[in-house]
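Q: I'd like to learn how to read a helix, a core and a chain contact in a model. Can you walk me through them?

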Amino acid sequence: MPAFDEMHGFGQGVRSAYRTIQAWLDSSDPENLKRLQKEAEFLFRRIGITFAVYGDAEAEERIIPFDIVPRVLTGSEWATLSKGLTQRVTALNRFLADVYGAGEIIRAGIVPADLVYQNPAFRPEMVGLKLPHDVYVQIAGIDIIRTDDKDFYVLEDNARTPSGVSYMLENRDVQMRLFPDLFAETRIQPVENYPDELLASLRSLAPASAPAEPTVVLMTPGPLNSAYYEHSFLADKLGVELVEGRDLFVLDEVVYMRTTRGPKRVDVIYRRIDDDFLDPMVFRPDSVLGIPGLISAYRAGNVTLANAVGTGVADDKAIYTYMPEIVRFYLGEEPILKNVPTWRCREPDCLRYVLDHLPELVVKEVQGSGGYGMLVGPKSTKEQIEAFRAKLIADPDGFIAQPTLALSTSPTFVGDGVAPRHIDLRPFVLTGADKVRIVPGGLTRVALKEGSLVVNSSQGGGTKDTWIIADPADGAPPPDGQSQSQSQAGG
Amino acid sequence: MLSRHADSLYWLARYVERAENTARLIEAATRLSATPITAEGGRNEWEMAVDGTGTLDLFHQQHAEATQRTVIDYLAFSHANPSSIRNCLDVARANARSVRTALTMDMWETINSGWMETRGVNSPNLTRQELSDFLSRVKELSLRFDGSAYRTMLRNDAYYFLRLGTFIERADFTARVLALKADVLDPNRPSVGGSSDYFQWSWILRSVSALTSYHWVYRDNLKPNLVAEFLILRAEMPRSLVSCYENVTLNLDSLSRDYGRQGASQRKARMLLSQLQDTTLPGLFAIGLKEFLERFILDNANLGNAIAEQYLG
């Protein structure tokens, strides 16, 4: 069966959300599109929007391909999605406060104790620590897919240091620069207020001991990190210092940065560096990226880390399978976003089924990310499958398996024309003291290779601008600004 | 601001300025090599160009002979010369990248696109035209960088640190070029006569792109003592030592005003400036031009260290 196409559905004409895009594509000269596609690439390179691929010394800096055909969702689709995202991230935060606190969900027998306490991402340092407003995941990136026009599925929760938001912002910028006319015809919800929303969230969670105007910094591992461009881009938009570990030090359980005026107290650290490297006195002693004593200041309640330490225990693929129960347990609500059906290979029945059906399944490492270490059964050779089978039998706890989903496709400019390519969507969900904020949009990733289901940038994926437009049918003006006033469910 | 960022800005400006200066040195040498005059003492114009960057020893560790080919390769493209144009641009961009948040978009795009455009140019077998294009692009990069900083940056500490880098580097370069030719500028020296001297003096002015402005200021032929006066004591000449130090002092004063605190670098800079302002042309030659310049180069480097200690550590 062909995949659901965001523009054509299952082939019954053009869906309303895509009418503008269809008209635009129909009236555009392919040569002109080709030229603009090249120009987009030039713009990205000139601005320096690059990323590094680990283990690829030749291409120290690459750009993620940008596709000029936007991906479109209607206001009502977005309303459902944003409600579901708020629900999901609220539950994630409740879960983290629980597992580092009373552990009720474990005592209730809903999530197995060993999945939590034996989890490599579980941080004993966090036990019993009270965080401002119990917020652990200030910034979440939730990967969403769909296979028809009814349901949204969560493919993965990213609760550690999700990246990609700079592409959401830059894609919009480049799209507007190259196709101003498109934006004149369609009213698209803006995303440019993301940095303001982020800063408001971060400031609202400053420690109680911080001054009224808390100092926020963005911490990066440095220019060699693959996402360094994003770090500097965000620091700039936020108007905060971009610091490395060596710029910070801890004195009497307070964090300071070295400035040209002398030491300055730091209250909130938006860190884009993994737990392991934060503090050599607590985590990896060989890390030179971190700040000795940081965790002591954190535990003393003198600094906020965003995201908190130890959030990885919630976005692990084994915990993922329990997310529907987690939502129900804490919120007493039915999950709005669906989970992809998943076999837990740690359970013998599941493992047997998975081993019998490897050629049709996608098998992922519980701890893996970035599209590495996974098997896409239907796209693999016999040898690859057998090699994977051995890995799986050796360590069933380390894997989960899912059916190979026909991710929806979206029209994409490839070579000489437009063709459908599989996509996903990563919206960014901000949690502050007062509320959850989601700018309408996100990062749409697209698998540029024909038939490929892997959208990761490290594996040949590209990105698209993501539009949330007013529902075209009713002809009403779109809602002002960022308010998500539409509430009818479905799409 | 972060000390590390201030340090990156300061060195970013120094390396951009150095790249431009080196480009001018190569252009001046190319021009001199097209004249029928050879310098005295067996030193050719190419060796002089290397000496202008203060790295003659390093050059001779790598090349036996200073020829057009070896010198252009060394000054423009060599990775073994930390001050080659290529290395200057690499370091400048790496610094710009680590301090992007303190740069405006225009400044970053200037550095990044200039770096991309010139990184492919590499061969020592460039045609004259290709070399000249390359050097023009380097100068253009520096001019655009300077201009975009001037036009788009907030006037705060980031700007002051950037400017300090520019003027300290510029003062160093002017002093070195003059020191190289201190002997031919000495009015007491017996003239070789003829056009040889003229080409030497004009080489100096060209290296700091001051030949035309010399004529505007003096409305006279080139005279060695006036060349020295122009590049050391005339405040209206933007590459003169006194002008560089007016700017160094200005930017250090702005910093101390913003920070509400003065330190060793402010005191040192003011002292150097008032020394320059109190110096007269006869006084200069009484001390000895070469001695004066060598002293200045040292004092200038010491001020750089004082700035680093006070702010960049």
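This is a predicted model: local features need pLDDT of at least 70, side-chain atom pairs count only at pLDDT 80 or more; totals for chains, interfaces and linings use all residues.

Q: Let's start with helix α9 of chain A: how many of its eleven residues are buried?
A: A general idea to begin with: residues three or four places apart on an α-helix point the same way, because there are 3.6 residues a turn. Here, helix α9 (residues 228–238) of chain A is mostly covered, with nine of its eleven residues buried. Among them are A:Y228, A:H231, A:F233 and A:L238.

Q: Which residues touch the most other members of the largest nonpolar core?
A: In soluble globular proteins, nonpolar side chains tend to be buried together. In this model the largest such core has 224 residues, and B:L9, B:L12 and B:L75 touch the most other members. Helix α1 (residues 3–33) of chain B gives the most to this core, at 15 residues. Leaving aside residues up to four places away in sequence, B:L9 touches B:V99, B:A102, B:A158, B:F161, B:L162 and B:G165.

Q: And how many residues of chain A are in contact with chain B?
A: Interface size is often given as the accessible area lost when the parts come together. Counting residues instead, 16 of chain A are in contact with 16 of chain B. On the chain A side, α2 (30–47), α9, β5 and β7 (254–259) each give two or more residues. That side divides into six nonpolar, four polar and six charged residues.

Conventions. Residues are numbered from 1 along each chain as its sequence is written. Chains are lettered from A and ligands numbered from 1 in the order in which they are written. A residue is buried if 20 or more other C-beta atoms lie within 10 Å of its own, exposed if 12 or fewer, and partly exposed in between; C-beta atoms are placed from the backbone. Helices (H or I, at least four residues) and strands (E, at least two) are DSSP runs, numbered from the N terminus. A nonpolar core is a set of buried Ala, Val, Leu, Ile, Met, Phe, Trp, Tyr and Cys residues joined through C-beta atoms within 7 Å. Two residues are in contact if their C-beta atoms, placed from the backbone, lie within 7 Å. Ala, Val, Leu, Ile, Met, Phe, Trp, Tyr, Cys and Pro count as nonpolar, Asp, Glu, Lys and Arg as charged, and the others, Gly among them, as polar.
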